[in-house]
Amino acid sequence: MASISARRLKKELTEINHEGTPTGIKLLSADDFETWFFSIEVLGNTLYQGEVFKLMFRFDGHYPISSPAVQFVVDQTHQAPIHPHVYSNGHICASILGNDWSPVLSVASVCITLQSMLASCKSKERPPDNDRYVAHAPDNPKKTRFHYDVDRV
Amino acid sequence: MNRPPTSGPPPEAPRLKSTGLPNDEPQAQLPSQNHPGVSGPPTDFMGGHPILPEDMDIRDLPSNQLYEMNQNLMAESVSTRPLIDQLTPMEVLRAEYENGSRTFVSQIDYLMNKGYRHIWRARGDGDCFYRSLAYAFVLNMLDAPQAEREIVVATALSQLQSCKPMLSQAGFEPIAYDMFYEAFEAVIQSVVSATEEYGLLTSDSLLRIFQDANNSNEIVAFLRLLTSAQIRLNPDEYAAFIIDMEPTQFCNNHVEPLGKEADHIQVSALADAMQIRVQIAYLDGHKANEVDFIDVGNKNSKEPLLLLYRPGHYDILSRKVM
């Protein structure tokens, strides 16, 4: 039998192809069941008006039992949004991507949650420990253990 | 046993407030919260910061060491014990307490004298209750006399089927539970009829299925969703036992994610949802020379599932033999 991640991602992809993605979110590529890319923008009157970000999802064979590794892409054409939970290397500190992940969540629901996180942002700033974290961060954000605490947005 | 305290927020920790925010961004999209289900509206979550060593400046740490530190932190919460270990004599457990608590030893002796001679140990990964319960559930069917097995399995399958509407009523999308439901169903079916994946179930193959992370965790995930649905659909019954948060938030944070331990509320919710009777032997050091058995769920069921509780952990207790 195909791996659990392939079975589930196939279903999610079918759903995305049939029902489309939520407003402001576009599937850029899903060539395999390992890495998917989305573009994400926050519509309406927010601090990120006019900005388009690129999200990368990486899945291991145990998805959705294990969480996807999700980060903003930082390259020549893309930057990570300036947000108190987003590091300049694109890593995101959000409990739903860590120990609050559950198989009830999906690629689409993660996109919507991140969109909502940006939409509700009150001040554009980096996390206070950005430089220290980014200097030594592992490539895969799942290898970082985050301490989740009171939200200060 | 318990995950280290750093692995999860305390239940009373404040959450990202994204409902009831001042409405100063009329055009911004802030969909409603706390609705479960794949592709549904977003879920509440907390932000935070990466865990850095407190007593040293992270800048002094070479990146390979930092990486190693991360790896160690991740590994320490995962034991090397099989997800469900083979049948183990109670004497093995007793030996572990002989240099420690005399009360525990006296309680283990009590169980042994009562005829409870073996346990199947579950890995202490936060899923031990769900995994133990599922294992005991299938084992009970396997142990049923040949003549009754068909009916026992048919009853279990129809009970399981009747849970399906509950899951969608609770707001879960089929995509979120179908695979897990099918995984559990297939194991139960194989008790009486050989399936392509498992053949005809034996106690050995049951153990192998539960030791396989994929099979085992799919079943755990299913039981977690069932527990969550039961609480979401009957919040008034369980709200009194949930401190400082709404039942839906409790389900989001403490029931649905794998690795989150079960307290009494999850235990009774799952027993209620599956309409099963669970008897839990409390090996908790509170009483010397005696062990309390707590009866949960459907009291009319004649063959209860037997679990052994030690503070923060569940294992499967084998049936009495005299």
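Visitor: What makes residues count as being in contact with Leu223(B), and which are they once its neighbours within four places in sequence are left aside?
Guide: In this predicted model, contact means heavy atoms within 4.5 Å. Leaving aside the neighbours within four places in sequence, Leu223(B) is in contact with Tyr130(B), Leu133(B), Ala134(B), Phe184(B), Leu270(B) and Met274(B). Leu223(B) also belongs to the largest nonpolar core, a set of 76 residues, and is listed there with Phe137(B), Phe184(B) and Ile188(B) as touching the most other members. Helix α4 of chain B, residues 128-143, supplies the largest share of this core, namely 12 residues.

Visitor: Why is Glu256(B) called buried?
Guide: The word buried requires a relative accessible area under 20%, and Glu256(B) has 2%, so Glu256(B) counts as buried.

Visitor: How do you know that the side chains of Glu256(B) and Arg232(B) meet in a salt bridge?
Guide: A salt bridge asks for a side-chain nitrogen of Lys or Arg within 4 Å of a carboxyl oxygen of Asp or Glu, and here the N to O distance is 2.8 Å, so the pair qualifies. Glu256(B) lies in the loop between α10 and α11 and Arg232(B) in helix α8, so the pair ties together parts of chain B that are 24 residues apart in sequence.

Visitor: Why are β2 and β5 of chain B said to stand at the edges?
Guide: Six strands of chain B form an open sheet in the order β2-β3-β7-β6-β4-β5, with mixed pairing. Each of β2 and β5 has a single partner strand, so one side of each is left without a neighbour in the sheet.

Visitor: How do you know that β6 and β7 of chain B are paired?
Guide: Pairing needs at least two bridges, and four bridges join β6 to β7, so these antiparallel strands count as a pair. Within them, Leu307(B) stands opposite Ile316(B) in β7(B).

Key:
Residues are numbered from 1 along each chain as its sequence is written. Chains are lettered from A and ligands numbered from 1 in the order in which they are written. This is a predicted model: local features need pLDDT of at least 70, side-chain atom pairs count only at pLDDT 80 or more; totals for chains, interfaces and linings use all residues. Side-chain values use heavy atoms; hydrogens and water are left out. Helices (H or I, at least four residues) and strands (E, at least two) are DSSP runs, numbered from the N terminus. A nonpolar core is a set of buried Ala, Val, Leu, Ile, Met, Phe, Trp, Tyr and Cys residues joined through side-chain atoms within 4.5 Å. Buried means under 20% relative accessible area, exposed over 50%, partly exposed in between (1.4 Å probe, protein chains only).
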